[in-house]
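Here is my note on the model you asked about. Please read it with the structure open beside you.

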Amino acid sequence: MQVAKNMVVTMDYTLRGPDGQVIDSSEGKAPLPYLHGASNIIPGLEKELEGKSIGDNVKVKVPAAEGYGERDPQMVQSVPRSNFQGVANIAPGMQFQARTGDGARIVTVMAVDDNEVTVDANHPLAGVDLSFDVTIRGIRAATTEEEQHGHVHGAGGHQH
Ligand code: ZN
């Protein structure tokens, strides 16, 4: 069986940044399932896994543009500190959920002064070149319901 559209693929993975630092990994956890061909994972990785088999190890470098996109400087904005009423100590690095024209987004506080808070609404991995080390642990056909929902059900997937 090979990785193809509408297959549920289970993988062990390690995600590293440009300096080789580990950003995320399935090590010590259950392998991660995803539905192939449904944009569950970033495009640059999904493309490379196409046609692979159980046990295959795939190392792929994904440039930022094929990962979480390039950073958009316009998504760094200063907002009045009064927008953060009820938050006692705003500090760089804190993350908040913000409502935007595109729906809910996580924003990261970059800087704070007496009147304004500078927030960055870019994805934390935007502009970061990534490398994945993936080993395929399982491949099965998706159920009709999974195909319709566009995601995996059961262990490691959506529980509903
Ligand atoms: Zn579902």
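The points below go from a hairpin to a metal site, then to charged pairs and a loop.

1. **Ground rules.** This is a predicted model, in which local features need pLDDT of at least 70 and side-chain atom pairs count only at pLDDT 80 or more, while totals for chains, interfaces and linings use all residues. Residues are numbered from 1 along each chain as its sequence is written, and side-chain values use heavy atoms, with hydrogens and water left out.

2. Start with strand 1 (residues 7-16) and strand 2 (residues 22-25). They pair in the antiparallel sense over three bridges. Strands here are DSSP runs of E with at least two residues, numbered from the N terminus. Two strands pair if DSSP finds at least two bridges between them. Five residues sit between the two strands of this hairpin. In the turn, glycine 20 has a positive phi of about 85°.

3. **Threonine 14.** This residue belongs to strand 1. Which residue of strand 2 is the bridge partner of threonine 14? It is serine 25. The side chains of threonine 14 and serine 25 also make a polar contact at 3.4 Å. A polar contact is a pair of N or O atoms within 3.5 Å; within protein, one must be able to donate a hydrogen and the other to accept it, and residues adjacent in sequence count only if both atoms are side-chain atoms.

4. **Around threonine 14.** Is threonine 14 buried or exposed? It is buried, because its relative accessible area is 15%. Buried means under 20%, exposed over 50%, and partly exposed in between, using a 1.4 Å probe and protein chains only. Leaving aside neighbours within four places in sequence, its contacts (heavy atoms within 4.5 Å) include Val22, Phe132 and Asp133.

5. **The zinc site.** Which residues coordinate the zinc ion? They are His149 (ND1), His151 (NE2), His153 (NE2) and His160 (NE2), at 2.0 to 2.1 Å. Donors are N, O and S atoms within 2.8 Å of the metal (3.2 Å for Na, K and Ca); water is not among the atoms, so sites may look incomplete. Along the chain, the donors follow the spacing H-x1-H-x1-H-x6-H.

6. **Zinc geometry.** The four donor atoms subtend angles of 95 to 121°, so the arrangement is tetrahedral. For four donors, that label needs all angles between 85 and 135 degrees. Histidine 151 is buried at 16% relative accessible area. Histidine 153 is buried too, at 13%.

7. **Salt bridges.** How many salt bridges does the structure hold? There are six. Each is a side-chain nitrogen of Lys or Arg within 4 Å of a carboxyl oxygen of Asp or Glu. One joins aspartate 12 and arginine 137 at 2.6 Å, N to O. Aspartate 12 lies in strand 1 and arginine 137 in strand 9 (residues 130-141), so the pair ties together parts 125 residues apart in sequence.

8. **Two further pairs.** Aspartate 133 forms a salt bridge with lysine 59, with the closest N and O atoms 3.9 Å apart. Aspartate 133 is in strand 9 and lysine 59 in strand 4 (residues 57-62), 74 residues apart. Lysine 59 is exposed at 63%. Glutamate 146 and arginine 140 meet at 3.0 Å, N to O. Glutamate 146 is buried at 2%, whereas arginine 140 is partly exposed at 34%.

9. **A loop residue.** Alanine 121 lies in the loop between strand 8 (116-120) and strand 9. It counts as buried, at 11%.

Notes: Helix = DSSP H or I, 4+ residues; strand = E, 2+ residues; numbered from the N terminus. Tetrahedral: all angles 85-135°; square planar, octahedral: opposite > 155°, others 65-115°.
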